[in-house]
Amino acid sequence: MPKDFLAGVQPKYDVVVIGSGLAGMTAANILGRAGRSVLLVEQHYKLGGMATWFKRPGGHIFDISLHGFPYGMIKSCRRYWTDEIADSIVQLKHIRFDNPMFSLTTAYNREDFTRLLTTRFGIPLETVDSFFNAARSMNFYDDQRLTTRELFERFFPGREDVIRLLMEPITYANGSTLEDPAITYGIVFSNFMNKGVFTFQGGTDRLIELMHADLVQSGVDVRIKCDAQQIHVEHGRVTGVTVNGRRIACDAVVSNSNLKFTVLQLVGEEHFDKRFVDDARSVRLNNSSTQVYMALKSDEQLDESMGDLFFTSTAPVFRTELLLSRDITSRTYSFYYPRTRPHGRPRCLIVSSTNANYSDWAHLSEEDYIASKRDLIEKTIDHLNQYVPDVRQRIDHVEAATPKTFEHYTHHVAGASFGTKFEGLGVSRGLPEQVRGLYHAGSVGIIMSGWLGAINYGVIVANDVDAMLMKAAVTVEFR
């Protein structure tokens, strides 16, 4: 008999959270701390969504969601999670670039970028300061018609090399492009420029283990291998969720699933205004990615002069379409040293990541798909060999993930690694105006992408849900 992963669930909860990405878990944790009865359901056998990990023989542990987030993560984790999580966040001090325009290493903060832009790229200090101040002052309410390309042309006209330095890591971090609204670049870039790039020491497995423990401490009922199949709506309000074929009543739902899947599949367009459905259908998905996971043999070590994040490209200029092409010209390498997991086996790992289009992988035959994955692996190793000599002979294990891999394990529509484009934020925020008790927290609008964006969006939504439940309770009391 298969195990009943819903054994012992309550007949009704205040809130059901669908999906255990960082936004969903954070929303659940805050609501649990507030005294709400919360059920968190995750269709996978692990928590974390894209922020998860997998193990392979030989003591190798790979993180799925590659390391790198702003300093603000420390404050958010300390406030909404635990001191132990916040104290485990450490800085990545060596970010490298190598492309036909320049090769350099940076601490990736405003001070060091100012030094590079003025001394190496010859940009006047006044222009550099004006650009940083303009990016730093951006907010949600700014004019969305200004594109990132136009922002760069305003301060650095004709300087493709400067655009590449400023844009390439942000595109890697959240899938943004030169054609997206400038605020989606400026806000994220400024967050990183504050004090640099940080990561979680101990690996994603330790992070999720600590988060799970805190969820339980907050009273959240956490269930894995529980697939939410339908969100029930009656008379314009949420009444429950069907999970693994069982209907569970609730007053509110926070979906951490893909935005379009939430609206069009879990709820159904018949419960929304036609214009809202049209807006949801027109939301563009962000791109996906491919990754090649490489573990070195136990007696092989990496010189830490390789850096932590390494942005490489053979393309003559930065172009979004080149980043997404099957003919790969740009790869970002994440180097994992024994200090990444200081309490584990002393292993060195390398993960290559490239942005990718789902359509390039979705319709291949099984034979062509396997061959394409093998080609991806072989070309990546060949490329890496110029930076890590004899790397092919030093590798103990290698495998690849594609947009189809992410679609399979996370149920993200089209394997989207970064959720939706900016217009998705309005649809996500507008859900409770359409259906009372229906909320969404996840990777939308680029700004709300990445680990820090996901956590902070979970906070915003949790506060909205708690306020709604409190208002509903007051209304009932005074009837």
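Student: Which residues is His 440 in contact with, leaving aside its neighbours within four places in sequence?

Tutor: In this predicted model, His 440 is in contact with Ser 255, Ser 257, Asn 258, Leu 259, Thr 262, Ser 428, Leu 431, Tyr 457 and Val 461, once neighbours within four places in sequence are left aside.

Student: Thanks! Where does His 440 lie?

Tutor: His 440 lies in strand β18, which covers residues 438–440.

Student: And is His 440 buried or exposed?

Tutor: Buried: the relative accessibility of His 440 is 2%, and the cut-off for buried is under 20%.

Student: What does the side chain of His 440 reach at 2.9 Å?

Tutor: The His 440 side chain reaches the backbone oxygen of Ser 257 at that distance, 2.9 Å. There is also a polar contact of 2.9 Å between the side chains of His 440 and Ser 428.

Student: Switching topic: what about Thr 405, where does that one lie?

Tutor: Thr 405 lies in helix α16, residues 403–410. Thr 405 has a relative accessible area of 18%, so it counts as buried. A polar atom of its side chain lies 2.9 Å from the backbone nitrogen of Thr 402.

Student: Now helix α5. Which of its residues are buried?

Tutor: Val 128, Phe 131, Phe 132 and Ala 135 are buried in α5. Looking down the axis of α5, the buried residues fall within an arc of 95 degrees, so they line one face of the helix.

Student: Why would that spacing give one face?

Tutor: An α-helix has 3.6 residues a turn, so residues three or four places apart point the same way.

Student: Nice. What do the buried residues of α5 pack against?

Tutor: They pack against α4 (110–120), α6 (148–155), α7 (160–174) and α8 (182–195).

Student: How far apart are the end C-alpha atoms of α5?

Tutor: They are 16 Å apart, and this agrees with the 16 Å that twelve residues (125–136) should span at 1.5 Å a residue.

Student: Last topic, the largest nonpolar core. Which residues touch the most other members?

Tutor: Tyr 108, Leu 166 and Phe 189 do, out of 123 residues in that core. Helix α18 (residues 450–477) gives the most to this core, with eleven residues.

Student: What is Phe 189 in contact with, neighbours within four places in sequence aside?

Tutor: Phe 189 is in contact with Tyr 108, Phe 113, Phe 131, Phe 132, Leu 166 and Ile 170. Of these, Phe 131 and Phe 132 are among the buried residues of α5 we talked about.

Student: And what does the second, separate core include?

Tutor: That core has 22 residues, among them Met 294, Ile 381, Ile 395 and Ala 400.

Definitions and conventions
Residues are numbered from 1 along each chain as its sequence is written. This is a predicted model: local features need pLDDT of at least 70, side-chain atom pairs count only at pLDDT 80 or more; totals for chains, interfaces and linings use all residues. Side-chain values use heavy atoms; hydrogens and water are left out. Helices (H or I, at least four residues) and strands (E, at least two) are DSSP runs, numbered from the N terminus. The expected span of a helix is 1.5 Å times one less than its number of residues. Buried means under 20% relative accessible area, exposed over 50%, partly exposed in between (1.4 Å probe, protein chains only). The arc is that of the directions from the helix axis to the C-beta atoms. Contact means heavy atoms within 4.5 Å. A nonpolar core is a set of buried Ala, Val, Leu, Ile, Met, Phe, Trp, Tyr and Cys residues joined through side-chain atoms within 4.5 Å. A polar contact is a pair of N or O atoms within 3.5 Å; within protein, one must be able to donate a hydrogen and the other to accept it, and residues adjacent in sequence count only if both atoms are side-chain atoms.
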